[in-house]
Amino acid sequence: MSATAKKKAPMPDDIRARKGGEPLVSLTAYTTQMAELMDAHCDFVLVGDSVGMVLHGLPSTLGVTMEMMILHGQAVARGLKTAMMVVDMPFGSYEESPEQAFRNGARLMAETGAAAVKLEGGRHMAETIAFLVARGVPVMAHIGLTPQSINTLGGYKVQGRGDAAAELMADAQAVADAGAFSVVLEKVPANLADEVTAALAIPTIGIGASAGCDGQILVVDDMIGMFTAFKAKFVKRYANLGEQAEAAFADYAREVRAREFPAAEHIFADQAPEKK
Ligand code: KIV
């Protein structure tokens, strides 16, 4: 590529075409600043409904609204140049009918500039996925542990163990056949994730799945150590920014109380210095 040629963000079809190739890299983001920092390193960025727990202190993703997703989607869009943006459909915004899903999916895309939406569910969401895709809303599916269903799944458990493996494979096939351009596999046994990856014609994106998936995603605040309420086994901490921030707050508080801050270099004289 020439020095002046600009790299364009991929489209959902480009992500689909990466099946079996170099692993796809993805993180979640909720703010412009984080989006800017990760843009050059990610193929796509997900504005996840995890925003509810990570930034808003909610106990689960169930209280996340369309308005929250739109506001954070718009913020992330301002920070991205070369990564594709996907926005999560929040709980209650798509399950009722394909028409409801289209109305809200189209609104998310129109108001945030997202290239695609993500929704949770397997076979029972296949009709909705096909309906959206046929009408211009590209869909990333999400199966395995689907956090919007924790109350029916009985908690944040590994999905697809033992006899449940065949069910998970059927969900994966159903969302692929319905036209999803990729599928997130969350918290499923590694061997099953590998089998699903081998069976599907679309990329699998693992989170707590397997290095053999076609791509990986992590929640940004988990991997940089900003969200410390709990750490799932599948999270690798690449930084401990939460600890660094707390140490900075403690230093600042001590210096303010000791009248050490602001120091001479942070304050202004009554006359501006003469220009030479
Ligand atoms: O909301 C989210 O952050 C997600 C990822 C964990 C895949 O759905």
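Modeller: In what follows, a residue is buried when its relative accessible area is under 20%, exposed when it is over 50%, and partly exposed in between, with a 1.4 Å probe and protein chains only. The model is predicted: local features need pLDDT of at least 70, side-chain atom pairs count only at pLDDT 80 or more, and totals for chains, interfaces and linings use all residues. Residues are numbered from 1 along each chain as its sequence is written, and side-chain values use heavy atoms, with hydrogens and water left out.

Helices (H or I, at least four residues) and strands (E, at least two) are DSSP runs, numbered from the N terminus.

I begin with the charged side chains. The whole structure holds 10 salt bridges, each being a side-chain nitrogen of Lys or Arg within 4 Å of a carboxyl oxygen of Asp or Glu. One of them joins D13 to R16, whose closest N and O atoms are 3.6 Å apart. These two residues both belong to helix 1 (residues 12-17); because they are 3 residues apart there, about one helical turn separates them. D13 is exposed, at 55% relative accessible area, whereas R16 is partly exposed, at 31%.

A further salt bridge brings together the side chains of R18 and D43, at 3.1 Å from N to O. R18 sits in the loop between helix 1 and strand 1 and D43 in the loop between helix 2 and strand 2, so this pair ties together parts that are 25 residues apart in sequence. R18 is partly exposed, its relative accessible area being 24%, while D43 is buried at 17%.

The salt bridge between K19 and D214 has its closest N and O atoms 2.7 Å apart. This pair links distant parts of the chain, 195 residues apart: K19 is in the loop between helix 1 and strand 1, and D214 is in the loop between strand 7 (204-207) and strand 8 (215-218). K19 has 24% relative accessibility and counts as partly exposed; D214, with 6%, counts as buried.

The strands come next. Strand 1 (residues 24-28) and strand 2 run parallel and are joined by 3 bridges; two strands are said to pair if DSSP finds at least two bridges between them. Within this pairing, L27 has V45 of strand 2 as its bridge partner. Together with helix 2 (residues 32-38), strand 1 and strand 2 form a right-handed β-α-β unit. Right-handed means that, with the strands pointing away from the viewer, the path from the first strand over the helix to the second runs clockwise.

Strand 2 also pairs with strand 3 (residues 84-88), again in the parallel sense, over 4 bridges. Here the bridge partner of L46 in strand 3 is V86.
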